[in-house]
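Hi everyone, thanks for coming. Please have a look at the structure on the screen, and then I'll walk you through a few parts of it.

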Amino acid sequence: CHSLASCTNTVGSFSCSCNHPYTGDGKTCRLAAECQNYQTLNSADRKTNYFNSQSCDNGLRGWYRFQGAAGSRMPTSCPPTSKCNAPAPGWLNGAHPAVPDGKVTRKVCFHWSSNCCNWSTNIEVRNCSSFYVYYFNGTPSCYLRYCGTD
């Protein structure tokens with residue numbers, strides 16, 4: 001078995017399986033593609049404490065990681081409106097996955113007016129051990145934005 005895999009002994013044989021977040025046949029293991037091939041969101045105006053309301057993520061498509069001034073992950077509670085440089089800030093409605101969960105689908109809500117989930121969309125999320133990556137496919141409308149936090 002590969003050094004990044006677990007070995008299970010059976011009578012007269014054994015089987016190998018890669019440990020998460022690695023993929024492969026157990027004899028060869030590699031980091032999941034999205035943990036290596038992603039774009040970075042690192043501007044301070046993505047943080048939930050940034051007040052302004054001008055940006056829109058309807059064209060954001062692909063795997064992304066929050067880093068630096070943008071924070072390290074999406075918030076899991078409803079931020080106030082007009083934060084992270086958008087009228088309707090986006091937040092992860094549910095928990096971030098654990099490493100063994102692999103790639104999961106989660107709901108992102110966008111807060112507008114007095115409704116914390118006025119708009120929503122499903123995204124994919126993976127825990128890459130020391131960071132999270134998110135697969136975004138735009139937003140349901142303009143002036144909605146995916147937010148970051150520490």
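Let's start with a pair of strands: E6 and strand E10 (residues 132-137) pair in the antiparallel sense, over 4 bridges. Strands here, E with at least two residues, are DSSP runs, just as helices are (H or I, at least four residues), and both are numbered from the N terminus. Two strands count as paired if DSSP finds at least two bridges between them. In general, strands of a sheet pair through backbone hydrogen bonds, either parallel or antiparallel.

Before I go on, a word on where this comes from. This is a predicted model, in which local features need pLDDT of at least 70 and side-chain atom pairs count only at pLDDT 80 or more, while totals for chains, interfaces and linings use all residues. Residues are numbered from 1 along each chain as its sequence is written, and side-chain values use heavy atoms, leaving out hydrogens and water.

Back to E6. Which residue of E10 is the bridge partner of arginine 61? That's asparagine 137. With strand E5 (residues 39-41), E6 pairs in the parallel sense over 3 bridges, and there threonine 40 has arginine 65 in E6 as its bridge partner. E6, residues 61-66, is also mostly covered, with 5 of its 6 residues buried. Buried means under 20% relative accessible area, exposed means over 50%, and partly exposed is in between, using a 1.4 Å probe and protein chains only.

Now zoom out to the sheet. It is an open sheet of 7 strands with mixed pairing, in the order E5-E6-E10-E9-E8-E7-E11. E5 and strand E11 (144-146) are the edge strands, each pairing on one side only. From one strand to the next, the twist averages 40 degrees; for such angles, axes are lines fitted to C-alpha atoms, for helices over the stretch in contact, and the angles run from 0 to 180 degrees between N-to-C directions.

Inside that sheet, strand E8 (residues 103-112) runs antiparallel to E9, joined by 9 bridges. One example is phenylalanine 110, whose bridge partner in E9 is tryptophan 119.

My last stop is asparagine 127, in strand E9 (residues 115-127). Is asparagine 127 buried or exposed? It is buried, because its relative accessible area is 8%. Its side chain reaches the backbone oxygen of proline 97 at 3.0 Å, and also the backbone nitrogen of serine 129 at 2.8 Å.

How values were computed. Polar contact = N/O pair within 3.5 Å; in protein donor to acceptor, adjacent residues only side chain to side chain.
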